[in-house]
Amino acid sequence: GEPAPDNAELFAAWAARLPVEDAGRATVEGRIDPATRRGTYTVLVDWKTPPAKVEFFPEADPAVEVGAPAVTAEGSRTRITFQVQIYGGQQPATDRLPALVAFTGAAGARSALSVSIPLK
């Protein structure tokens with residue numbers, strides 16, 4: 001007979017919570033000034049239905065400091081603004097800093113978009 005997988009419903013529920021690659025909903029604006037090694041960035045996310053809550057989580061890199069983001073809603077668009085500094089004498093692990101835009105929908109379901117912040 002065919003084997004029955006254990007906990008299939010549990011795995012499906014958690015798979016639905018994994019971050020998804022951004023499908024054109026988010027745009028990233030900003031760049032690092034080579035002289036100061038600092039930059040201001042804005043991530044704009046356009047939603048079909050605005051979420052109840054949006055949070056921003058950049059990946060940790062010991063050479064990069066990301067300032068506390070300001071998250072504001074503007075109708076069906078969310079604006080996330082933050083500062084980035086690359087520490088003197090250090091280089092980031094990659095040219096792009098991965099980040100998540102986590103959101104909670106009106107029905108309470110939580111999900112996330114994967115975005116990439118250019119560091120050059």
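These legends accompany close-up views of a predicted model. Local features need pLDDT of at least 70, side-chain atom pairs count only at pLDDT 80 or more, and totals for chains, interfaces and linings use all residues. Residues are numbered from 1 along each chain as its sequence is written, and side-chain values use heavy atoms, with hydrogens and water left out.

**Figure 1. Overall fold of the protein.** Helices (H or I, at least four residues) and strands (E, at least two) are DSSP runs, numbered from the N terminus. The order from the N terminus is α-β-β-β-β-β-β-β-β-β. The C-alpha atoms fill a box of roughly 65 × 40 × 20 Å along the principal axes. Of the 120 residues, 29% count as buried. Buried means under 20% relative accessible area, exposed over 50%, and partly exposed in between (1.4 Å probe, protein chains only).

**Figure 2. The largest nonpolar core.** This core holds 21 residues. Such a core is a set of buried Ala, Val, Leu, Ile, Met, Phe, Trp, Tyr and Cys residues joined through side-chain atoms within 4.5 Å. Val43, Phe56, Phe82, Val101 and Ile117 have the most contacts inside it. Two or more residues each come from strands E3 (38–46), E4 (53–58), E7 (77–86), E8 (96–104) and E9 (110–118). Phe56 touches Val43, Pro69, Ile80, Phe82, Ala99, Leu100, Val101, Val115 and Ile117, leaving aside residues up to four places away in sequence. Contact means heavy atoms within 4.5 Å.

**Figure 3. An aromatic cluster of Tyr41, Phe56 and Phe82.** Ring pairs link these three residues. The whole structure has three aromatic pairs. Rings of Phe, Tyr and Trp (its six-membered ring) pair if their centres lie within 6.5 Å; planes under 30 degrees apart count as stacked, over 60 as edge-to-face and the rest as tilted. The ring centres of Tyr41 and Phe82 are 5.8 Å apart with planes at 15°, so this pair is stacked. Tyr41 sits in strand E3 and Phe82 in strand E7, so the pair ties together parts 41 residues apart in sequence. Tyr41 and Phe82 are buried. Phe56 and Phe82 are also stacked, because their centres are 4.7 Å apart and their planes at 25°. Phe56 lies in strand E4, so its pairing with Phe82 in strand E7 joins parts 26 residues apart in sequence.

**Figure 4. The surroundings of Thr42.** Thr42 belongs to strand E3. Its relative accessibility is 12%, so Thr42 counts as buried. Beyond residues up to four places away in sequence, Thr42 touches Thr27, Val28, Glu29, Arg79, Ile80 and Thr81.

**Figure 5. Salt bridges.** The count comes to four. A salt bridge is a side-chain nitrogen of Lys or Arg within 4 Å of a carboxyl oxygen of Asp or Glu. Arg77 pairs with Asp46, the closest N and O atoms being 2.8 Å apart. Arg77 lies in strand E7 and Asp46 in strand E3, so the pair ties together parts 31 residues apart in sequence. Glu55 bridges to Arg110, with the closest N and O atoms 2.9 Å apart. Glu55 is in strand E4 and Arg110 in strand E9, so this pair ties together parts 55 residues apart in sequence. Arg79 forms a salt bridge with Glu74, the closest N and O atoms being 3.0 Å apart. Arg79 is partly exposed at 27% relative accessible area, and Glu74 is partly exposed at 37%.
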